[in-house]
Amino acid sequence: MLEISNLNVRYGAIQGVRGISLTVKAGEIVALIGANGAGKSTTVRAIAGLLPFTGDIAYEGQKLRPNAAEKNLRAGIALVPEGRGILGRMTVEENLQMGIYCRSDHAEALIDINRMYDRFPILRERRGNLASLLSGGEQQMLAIARALLSRPKLLLLDEPSLGLAPKMTSFVFDLIGSLRKEGLTVMLVEQKARHTLKIADRAYLLEMGKVVTSGMAESLANDPQISEAFLGGRAVNI
Ligand SMILES: Nc1ncnc2c1ncn2[C@@H]1O[C@H](COP(=O)(O)OP(=O)(O)OP(=O)(O)O)[C@@H](O)[C@H]1O
Ligand SMILES: [Mg+2]
């Protein structure tokens with residue numbers, strides 16, 4: 001579904017990603033793990049079309065152009081950005097309506113908003129509240145619900161568990177598992193590596209903008225390089 005080869009992204013003089021290659025097959029959960037500044041967000045933001053890049057990103061056999069966020073969204077790529085990216089001064093309902101702006105099937109999209117409320121009843125309860133008044137976990141639900149409303153095929157989640165209490169973190173991880181069962185393909189950026197490797201099929205470990213190791217999640221969980229990164233205090237949470 002996604003094939004990246006030799007991806008390079010620069011922020012002026014700073015190189016965020018240095019020659020990353022990776023693949024995601026339809027129906028997989030693929031994790032990108034690594035410490036602060038490893039290049040995880042840069043990679044998913046480039047896939048979403050939010051950054052200039054060199055190298056190739058092919059999605060369903062078509063090369064993606066840099067900075068083509070709206071086109072990529074219409075093609076089925078949705079990003080839940082780091083920090084959630086919800087609009088705090090807008091209501092929950094207005095935030096959800098942002099999620100359907102790219103859809104031409106308006107009537108069906110409105111039904112989908114209702115389906116999202118069925119899936120996340122707390123959002124229905126809070127539909128008229130300002131999004132800034134939601135708890136961290138509720139905001140993350142809202143961000144994911146908004147992304148799902150574009151009816152993506154590939155969902156890019158950038159640190160969805162960041163700042164959440166353990167119970168809410170488990171909720172989010174369970175949700176990702178159910179979304180996959182419903183046929184969604186997921187790229188999951190996380191620092192909570194151990195938890196992530198439990199739900200992912202495969203994972204890539206990034207360091208300094210490069211892939212340093214990759215493989216089946218199950219075997220990576222026992223990989224010394226991973227244990228060193230997670231247990232050696234290099235700023236990666238277990
Ligand atoms: N807007 C920016 N301008 C300049 N440099 C940036 C920018 N965003 C990221 N970088 C740099 O690019 C590199 C990769 O950053 P990136 O945000 O992709 O890392 P990350 O793996 O997502 O880290 P974190 O876990 O902290 O979110 C880092 O060196 C970072 O300082
Ligand atoms: Mg990041």
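Q: Why is the second largest pocket said to lie between domain 1 (2–76 + 152–231) and domain 2 (87–149)?
A: In this predicted model, both domain 1 (2–76 + 152–231) and domain 2 (87–149) give residues to the lining of the second largest pocket, and therefore it lies between them.

Q: Which residues line the second largest pocket, and what makes a residue count as lining?
A: A residue counts when it has an atom within 4 Å of a point of the pocket, and the residues lining the second largest pocket are Asp 112, Arg 115, Met 116, Arg 119, Leu 148, Arg 151, Pro 152, Leu 179, Glu 182 and Leu 184. Helix α4 (residues 106–119) gives the most to this lining, with four residues, and the volume of the second largest pocket is about 240 Å³.

Q: How do you know which classes make up the lining of the second largest pocket?
A: Because Asp, Glu, Lys and Arg count as charged, Asp 112, Arg 115, Arg 119, Arg 151 and Glu 182 in this lining fall in that class; by class, the lining has five charged, five nonpolar and no polar residues.

Q: Which residues lie nearest the centre of the largest pocket, and which elements each supply at least two residues of its lining?
A: Of the 19 lining residues, Leu 73, Ala 78, Leu 79, Tyr 101 and Arg 146 lie nearest the centre, while α2 (69–75), β6 (77–80) and α6 (136–148) each supply at least two residues of the lining.

Notes: Residues numbered from 1 in each chain as written. Chains lettered and ligands numbered in written order. Predicted model: local features only at pLDDT ≥ 70, side-chain atom pairs only at ≥ 80, totals over all residues. Heavy atoms only, no water. 1 Å grid on protein atoms, 1.4 Å probe; cavity = no way out; pocket = protein on both sides within 12 Å on 5 of 7 lines; lining within 4 Å. Points joined across faces, edges and corners; volume = space filled by probe spheres on them. Domains from an automatic or database assignment.
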